[in-house]
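Colleague: I would like to learn how to read a model like this one, feature by feature. Could you take me through it?

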Amino acid sequence: MRIFDPHIHMTSRTTDDYERMAAAGVRALVEPAFWLGQPRTSVGSFTDYFDSLVGWEPFRAGQFGIRHHATIALNPKEANDPRCREVLGVLPRYLEKDGVVAVGEIGYDSMTPEEDDAFAAQLALAIEHELPALVHTPHRDKARGSARTLDVVRESGIDPGRVAVDHLNEVTVGAVAGSGCWMGFSIYPDTKMTAERMVHILREYGLERMLVNSAADWGRSDPLLTRRTGEAMLAAGFSDDDVDRVLWRNPVEFYGQSKRLDLGPVDADATFEGNSILRGGS
């Protein structure tokens, strides 16, 4: 079973997690920029974080044979803090970097006017930089938040096939399925989806435009729940090819629209210096 986790926050995880993921079949992943739990107070704290996403984390993942990619954005929660809004001005230089395969996470947390503005501005950046967009739907009032999300996507003019609307569930999947956007599901203990619920959704809605991720972060989460979903699919009668489509080919197709996916062998002899990966230990 080969796995591409399209949404996982490895900054919050240990090297032991990378080792377990590699053993479980994870060969590639995408790490979206997100809220770290502790409020950031300046643009500099964002740029340091972005530098880590495009430098240190790809190196750390590579030690275990895993290809690491990132999405870059001002996340919805911090879009409400005026100290953070200036980061919108520095995003363009990061959106041109190798390994950055989408603008994200963008979208809604509390559905404020400030979040409206940041969401629309970053969808415009996705269009300008010819990148897909990864959209976070709110944890509260999810049905209204998802409907509002789809309205903003339509208003932006972006091709819905270049948008993944994430953290969906049984209540919100129907509207997104009809929108032409990709459907993202986080298999995450207690607060989001379980593998068994995911199997039911796949039976009802099919495999097309489906993305299954672990969203593992600093909360109670598990980076191996993508594999657990694949195992649940097999137990429910899905084929090996079905599992490969959901856990590998679908995320490759979605993020491949960036033309920046690198799924080739990882250089195990690379070293890290400053913020650069030096190939072959040179």
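**Reading the model together**

Modeller: Gladly, and please keep in mind that this is a predicted model. Let us begin with helix α2, residues 43-54: at 1.5 Å a residue, its 12 residues should span 16 Å, and the end C-alpha atoms are 17 Å apart, which agrees.

Colleague: Which residues of α2 are buried?

Modeller: The general idea first: an α-helix has 3.6 residues a turn, so residues three or four places apart point the same way. In α2, the buried residues are Val43, Phe46, Thr47, Tyr49, Phe50, Ser52 and Leu53. The elements covering them include β2 (26-32), α3 (56-62), β3 (67-72) and α4 (91-94).

Colleague: And how do I read the core? Which residues touch the most other members of the largest nonpolar core?

Modeller: In soluble globular proteins, nonpolar side chains tend to be buried together. Here the largest nonpolar core has 71 residues, and Phe50 and Phe185 touch the most other members. Beyond its neighbours within four places in sequence, Phe50 is in contact with Ala33, Ile72, Ala73, Val87, Leu91 and Tyr94. There is also a second, separate core of 12 residues, with Ala28, Val30, Phe254 and Tyr255 among them.

Colleague: How many disulfides does the structure hold?

Modeller: The count is 0 disulfides. As for cysteines, Cys84 is buried at 0% relative accessible area, and Cys181 is buried at 1%.

Colleague: Next, aromatic rings. How many aromatic pairs does a search of the whole structure find?

Modeller: It finds 11 aromatic pairs. For each pair, look at the angle between the planes: under 30 degrees counts as stacked, over 60 as edge-to-face. Tyr18 and Phe64 have ring centres 6.0 Å apart and planes at 10°, so they are stacked. Because Tyr18 lies in helix α1 (residues 15-24) and Phe64 in the loop between α3 and β3, the pair ties together parts that are 46 residues apart in sequence. Tyr18 is buried at 0% relative accessibility, while Phe64 is partly exposed at 27%.

For an edge-to-face case, turn to Phe254 and Tyr255, with ring centres 5.0 Å apart and planes at 70°.

Colleague: Where does the charged end of Arg40 sit?

Modeller: That end is over the ring of Phe46, 4.2 Å from the ring centre. Likewise, the charged end of Lys77 sits over the ring of Trp35, 4.7 Å from its centre.

Colleague: Last topic: the backbone. Which residues does a cis peptide bond join?

Modeller: Most residues other than glycine have a negative phi, and most peptide bonds are trans. In this model, a cis bond joins Gly104 and Glu105, with omega about -5°; Glu105 is in strand β4, residues 100-107.

Colleague: And where is Arg209 found?

Modeller: Arg209 is in the loop between α8 (195-205) and β8 (210-213), and its phi is positive, near 60°. Lys259 also has a positive phi, of about 60°, and is placed in the loop between α10 (240-256) and β9 (271-273). Arg209 is buried at 19% relative accessibility, whereas Lys259 is exposed at 76%.

Definitions and conventions
Residues are numbered from 1 along each chain as its sequence is written. This is a predicted model: local features need pLDDT of at least 70, side-chain atom pairs count only at pLDDT 80 or more; totals for chains, interfaces and linings use all residues. Side-chain values use heavy atoms; hydrogens and water are left out. A nonpolar core is a set of buried Ala, Val, Leu, Ile, Met, Phe, Trp, Tyr and Cys residues joined through side-chain atoms within 4.5 Å. Buried means under 20% relative accessible area, exposed over 50%, partly exposed in between (1.4 Å probe, protein chains only). Contact means heavy atoms within 4.5 Å. Helices (H or I, at least four residues) and strands (E, at least two) are DSSP runs, numbered from the N terminus. The expected span of a helix is 1.5 Å times one less than its number of residues. A disulfide is a pair of cysteine sulfur atoms within 2.5 Å. Rings of Phe, Tyr and Trp (its six-membered ring) pair if their centres lie within 6.5 Å; planes under 30 degrees apart count as stacked, over 60 as edge-to-face and the rest as tilted. A charge sits over a ring if NZ of Lys or CZ of Arg is within 6 Å of the ring centre and within 35 degrees of the ring normal.
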